[in-house]
Amino acid sequence: MQVVTRSRTLDPENLDTLAQWVARVLEARRVSFSEATLLGGGAIQENWRLVADVEGGPREGRHTWVLRTDAVARISLSLDRAGEFGVLKAAHAAGVAVAEPIARCADPEVIGAPFLIQAYVPGIAQARRIVRDPALKDFGESLAERLGSELARIHSITPPREDLSFLPIPMLPPARNEVAKLRNALKGATEPRPALEYVLAWLDAHAPKPEPITLVHGDFRTGNYIVNEGRLGAILDWEFAHWGDRHEDVGWIMARCWRFGNDALETGGIASREAFYRGYRSAAAMPIDETLIPYWEIMAAAKWATVAVLQGDRYRKGGENSIELALTGLMPPEMELDALDGIEALIATGDPRWQ
Amino acid sequence: MAVKRIAAETLIELAVETLRSELQPVLPSEHRYTAAMIANALEIARREILMEGETARWELLDEVYPQGDGDMKQLALDIRSGKVDGTKVPDLRKKLRAILIEELAIRNPRFLKTRQNQQ
């Protein structure tokens, strides 16, 4: 059996309990694994590729799956695996390009943490490889257009939804609700960030008029989708999904901090803004107000700065001795600078909404 | 030939140079990211040792808390509560930005340079 280890939760040498659990859930006689490989990426959770042989039941045959588990510590802004599975099922049913959700396990005894299993989708997700692909000039615009239309499909999911009743309906206007969530997450933070607090106060005071809420992916950006030979494979990482303002997702993928150095390509470092907007318009029931996107880009910078503070605290006080977490914890001034400059630029437009 | 002092910052500089020139080229691809993180961490530590003070931070704290009874934590709390804002502290945004510039000079000067070139 091929085993590539860097295990924290799943023990690739001891998959019998997992196999029995999967067999029971899939109504199979027997399940065995011939490969378990820890995939890269995912600072918050582990991703394992599993090759499974299923004997009997509706899924009989050989399958390649991805098992995603919570890491040692989670940050307060993310959904648990059960929530993520529910959102994935809703997105899959709405025709969004996601890896098919197959099973979820809330019992931490099976492998040591709750997890979910999805179909494996081939391709690459690493942002730096995508934005530095020499063929990007050939596929970037069409990929961004497709991403735009996929996002519009995600935003077609609206409350009330019984299957998504675990997602709280915001009691405040969506933008103010996001600010409240970030402020709450920062309450116990180790490193005080006055600039981030300034940005949050500005965002709160200049929140756009509330619009009908939709499902918001919450982490829709380069690095969180799979590309296979220039084409979209699947949208990943649904753990930040919530009900909110659809402009939030657009601001997130456009934000400078998610262009990975390709600053001129404003859609996630891969393409023009217009390509993404074109795709969104082609599939959207409600158009987006493009003049609001710079506001949501500032929100994106504030959110990433907050997540970086929390990731740093996983090292500072969470007992996770990781150089990656420690370095992430030093990143907030980068996003804070972008946010302050974004505020300056909006004020300079003279638009009364931002004064 | 001048005699070199083997100071902490010199040792770190040498460690980074050695990592980059001797180890990184021969490392298997799955370890290159970790090696890059180690080099980055060492360089931040070296710049922190050489840091000359946090002028912008202290100037703002002195302005907001002239009695010396406030620190960055208090400032963050006071901005959140609205006690400190742009009407009470002129050019607050610019002053906070100056603090970020100081931090980035230590934590990520390359990022700072990119942003300054874009302006």
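# Exercises on a predicted two-chain model

Strand β5 (residues 101-105) of chain A is mostly covered, with four of its five residues buried; a residue is buried if 20 or more other C-beta atoms, placed from the backbone, lie within 10 Å of its own, exposed if 12 or fewer, and partly exposed in between. This is a predicted model, in which local features need pLDDT of at least 70, side-chain atom pairs count only at pLDDT 80 or more, and totals for chains, interfaces and linings use all residues. Residues are numbered from 1 along each chain as its sequence is written, while chains are lettered from A and ligands numbered from 1 in the order in which they are written.

**Exercise 1.** Determine which strand is joined to β5(A), and in which direction the two run.

*Solution.* Step 1: strands (E, at least two residues) and helices (H or I, at least four) are DSSP runs, numbered from the N terminus. Two strands pair if DSSP finds at least two bridges between them. Step 2: four bridges join β5(A) to β6 (residues 115-119) of chain A, and the two strands run antiparallel. Step 3: A:C105 has A:F115 in β6(A) as its bridge partner.

**Exercise 2.** Classify A:Q20 as buried, partly exposed or exposed.

*Solution.* Step 1: A:Q20 belongs to helix α1 (residues 16-25) of chain A. Step 2: A:Q20 counts as partly exposed because it has 13 C-beta neighbours inside 10 Å. Step 3: the C-alpha atoms of A:Q20 and A:R30 are 7.2 Å apart, at a separation of ten residues along the chain.

**Exercise 3.** Describe how the two domains of chain A meet.

*Solution.* Step 1: an automatic or database domain assignment gives the bounds, dividing chain A into domain 1 (2-119) and domain 2 (127-354). Step 2: their C-alpha centres lie 26 Å apart. Step 3: with contact defined as C-beta atoms within 7 Å, 21 residues of domain 1 and 25 residues of domain 2 take part.
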